[in-house]
Amino acid sequence: MKELKCPNCGQIFTVDESGYAQIVSQVRDHEFAQELQKREQELSKTRENDLKIAQLELERRHSEVIARKERELAEQKSEIERLQMLLSNSDTEKKLAVQTAVQNKEKEISEKTTEITELQGKLTSKETENQLNEKMLIEKYEGLLKGKDEQIEYYKDFKARQSTKMIGESLEQHCMNQFNMIRMTAFPNAYFEKDNDARTGSKGDFIFREADSEGTEFLSIMFEMKNEMDETATKHKNEDFFKELDKDRREKNCEYAVLVSLLEIDNDLYNNGIVDVSYRYEKMYVIRPQFFIPMITILRNAALNSLKYQRELQIVRNQQIDILHFEENMNAFKDGFSRNYRIASEKFQTAIDEIDKSILHLQKIKDNLLSSENNLRLASNKAEDLTIKRLTKNAPSVKEMFDHLPKE
């Protein structure tokens, strides 16, 4: 038996070995739970501090990577602008050459006109004699004038068409032929086909797509080709087709939209090189046919240069996702641990309540035992004080009987 002292009333009571061992085990469980809670709080604080430090370091590295990539992208943009300037300068040189040629031809025409005037003056004095020769000369020089006019118109159109052969082929067929001529050498893995999907109500002319060796698409272009014959009654403008082209680009999930146009043939804005109209519609350009292949090449080179940076940025994003997953796992652990701790605490409190009930029950048993002991002590005292004289005090006849009994 073990003696225990109640911490509330100070009363000492005894319990057997099994009851004592159970109480000691419960007290130890309580201390263990307190220590476990303390260690869990310390561990949680340590992990939160480590997580904050890791997040700060990752944010610092992420900011450095973003800043470096932005600088590099700015350099790429500057290179593209330089190339566009080179193309523009090249076109300016061609324009000057055409202008010089036109001036030379106009000068020749002026000289021929002067010659005709002079000849006509001479023929006037010899009208009767040389009438037939005059007619032949007039027809000859009118033919020359017509040829010169045709040459002038050709050189005016040359700055827009240059080496583009439009005889026997449409603008679409021309662009397809130009691409197929260099497809296997310059774009062996590219997709360039007619857009035949009209499920959305409209479609462009051609779609260009190209992916890397891993199958990741890095460039996509929606092309629209527009040509208009000189005898067409209603003249269209390039901007008439911007909205529909932008709609086709978005519906077919293309990054860029390019209008290859021979409209507004006398508009110097479109004759001087690649025209960026992204101020009206995002990532949209207007070009003449001679810039068809250079346009693809410029966009492709820029996309290839930025592909590396995009991959590095994707790695950073994946690292951020890993941190989020780590946080989710940590929170799940905390929630699970808190739930188990709460259940354990509830059961522990239930055990404490049962111990308190057992203590109260044992206290009642002790009180009953103490009361029984007191009654037995009184009974023993009364038994010790019991004598014949006390028993026969008020019974004289019984006393007389005991007096007549023989004494040993």
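The legends below describe close-up views of one predicted model.

Residues are numbered from 1 along each chain as its sequence is written, and side-chain values use heavy atoms, with hydrogens and water left out. Because the model is predicted, local features need pLDDT of at least 70 and side-chain atom pairs count only at pLDDT 80 or more, whereas totals for chains, interfaces and linings use all residues.

**Figure 1. Overview of the chain and its confidence.** The secondary structure comes to 8 helices and 8 strands; helices (H or I, at least four residues) and strands (E, at least two) are DSSP runs numbered from the N terminus. The mean pLDDT, the predictor's confidence in each residue from 0 to 100, is 76 for the chain, and 69% of the residues reach 70 or more. Of the 408 residues in the chain, 27% are buried, that is, under 20% relative accessible area; exposed means over 50%, and partly exposed lies in between (1.4 Å probe, protein chains only).

Figure 2. The 6 strands follow the order 3-4-5-6-8-7, with mixed pairing; two strands pair if DSSP finds at least two bridges between them. Strand 3 (191-194) and strand 7 (275-276) are the edge strands, each pairing on one side only. Strand 6 (residues 256-261) pairs with strand 8 in the parallel sense over 4 bridges. Alanine 257 stands opposite methionine 284 of strand 8.

**Figure 3. Helices against the sheet.** Helix 3 (residues 171-186) lies across strand 3, strand 4 (206-211), strand 5 (217-226) and strand 6, and runs at about 155 degrees to strand 3. Helix 4 (residues 242-251) also packs on the sheet, where it touches strand 5, strand 6 and strand 8; its direction makes about 140 degrees with that of strand 6. Axes are lines fitted to C-alpha atoms, for helices over the stretch in contact, and angles run from 0 to 180 degrees between N-to-C directions.

Figure 4. The structure holds 12 salt bridges, each defined as a side-chain nitrogen of Lys or Arg within 4 Å of a carboxyl oxygen of Asp or Glu. In one of them, aspartate 195 pairs with lysine 252, and the closest N and O atoms are 2.8 Å apart. Aspartate 195 lies in the loop between strand 3 and strand 4, and lysine 252 in the loop between helix 4 and strand 6, so the pair ties together parts that are 57 residues apart in sequence. Both partners are buried: aspartate 195 has a relative accessible area of 3%, and lysine 252 one of 9%.

Figure 5. Lysine 247 forms a salt bridge with glutamate 251, with the closest N and O atoms 2.9 Å apart. These two residues both lie in helix 4, 4 residues apart, about one turn of the helix. Lysine 247 is partly exposed at 33% relative accessible area, as is glutamate 251 at 31%. Arginine 250 forms a salt bridge with glutamate 282, the closest N and O atoms being 3.7 Å apart. This pair links distant parts of the chain, 32 residues apart: arginine 250 belongs to helix 4, and glutamate 282 to the loop between strand 7 and strand 8. Salt bridges that share partners join Asp246, Arg249, Arg250 and Glu282 into one network.

Technical notes
Contact = heavy atoms within 4.5 Å.
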